[in-house]
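Please look through the model below alongside these notes. They are numbered so that each can be checked in turn.

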Amino acid sequence: MKNLPLPRIDRNSRLHEHLQRYCRLAPGEIWRDPEGKHRIGCLDATDEARISRLMAGAKATLAIHDPPYNMVAFDSAEPAGFIAWCSRWIDCTDLALDEDGSLYVWLGADQNDHFQPLADFMIMMRSKPFRSRSFITMRNQRGYGTQKNWMAVRQELLYYTRGNPVFNIDAAYTDIPKILRGYYKDIDGKTTENLQRSKSKNIRAGNVWVDIQQVFYRMDENVNGCYAQKPIKSCERIIRASSNPQDVIVDFFCHSGAALIACELLSRRCFAVDIDPVFCEIAIRRLEHFRRTGKTGWQNGNPFEAELAEDKVVQIS
Ligand SMILES: C[S@@+](CC[C@H](N)C(=O)[O-])C[C@H]1O[C@@H](n2cnc3c(N)ncnc32)[C@H](O)[C@@H]1O
């Protein structure tokens, strides 16, 4: 296994600045896939004019958004500034999404701060043209917490819809094992519990997912330098359930391009956005790397390893 890790690019300003020279996109520009499927815009998700230009009249069936939820970045201890910002990219989603569409939003809840920003986000969404449908929990392998609280082991995913969107429940296959014992029943004089009686070892997707591994450096899909990668499997589950092949899917915070790769794997078209040219470049490279090698990431290599090996100038760690 290669050992060419990168530190978090967002926290290493020197590396971030150095990588700009390898970026194809400047702010405001859109990359168009030579195979005619995907688009990646180096755009601000709250800029309606630019999002309209990205869509160019197309409508998405599905939006999968994973915004940054660190409120410190919004210069406010109160969630109000963050929620006002969320309201703007939700308006852009309104513009990009079909009348029969689905919207999924990953959002954290700080258990030591009244579950913000999730709590106020949910309230803000009451004034938007979407219906709440589900509050999904994805269980992490590892948790964090103190000895004096329950360990935090979940990620929160909100599901909204409007109109009459597709929901392919059969396609939402899972590896989620049946884990709950109980419901005893006497059969032929023997007491059995439900695991003994069931035909399948797995359950269909409910709103608690316990079968998705968090990304770490030993996995093929790992993209070093990215700090907030979602597992491709989580994107695939959403995409299978809430879209059909050839549909357009928008991701306004694409970062490592997890949704983009899932779209490529499942024959959907991804229109992705990130405000940062470096993450746009990483997403484009990840797609190209996948098409060239069949690999969904770099494991413990990195997207810029060829250039960085040549550049003696940068201390990357
Ligand atoms: C939490 S990460 C998304 C992770 C992504 N789901 C993945 O699997 O790699 C958030 C991303 O949003 C981008 N971002 C922050 N503000 C933005 C804005 N106003 N418009 C578009 N992208 C933005 C950041 O550059 C960052 O890459």
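1. Helices (H or I, at least four residues) and strands (E, at least two) are DSSP runs, numbered from the N terminus. This is a predicted model, in which local features need pLDDT of at least 70, side-chain atom pairs count only at pLDDT 80 or more, and totals for chains, interfaces and linings use all residues. Residues are numbered from 1 along each chain as its sequence is written.

2. H2 itself covers residues 48-55, and Arg50, Ile51 and Leu54 are buried in it. Buried means that 20 or more other C-beta atoms lie within 10 Å of the residue's own; exposed means 12 or fewer, and partly exposed is in between, with C-beta atoms placed from the backbone. Seen down the axis of H2, the buried residues fall within an arc of 100 degrees, so they line one face of the helix. The arc is that of the directions from the helix axis to the C-beta atoms.

3. His255 has a positive phi, near 55 degrees, and is not a glycine. His255 sits in the loop between strand E12 (248-251) and helix H7 (258-265). His255 is buried, with 25 other C-beta atoms within 10 Å.

4. Ser267 is not a glycine either, yet its phi is positive, at about 60 degrees. Its place is the loop between H7 and E13. Is Ser267 buried or exposed? Ser267 counts as exposed, with 12 C-beta neighbours inside 10 Å.

5. Gln116 and Pro117 are joined by a cis peptide bond, with omega about 0 degrees. Pro117 belongs to strand E6 (residues 116-117).
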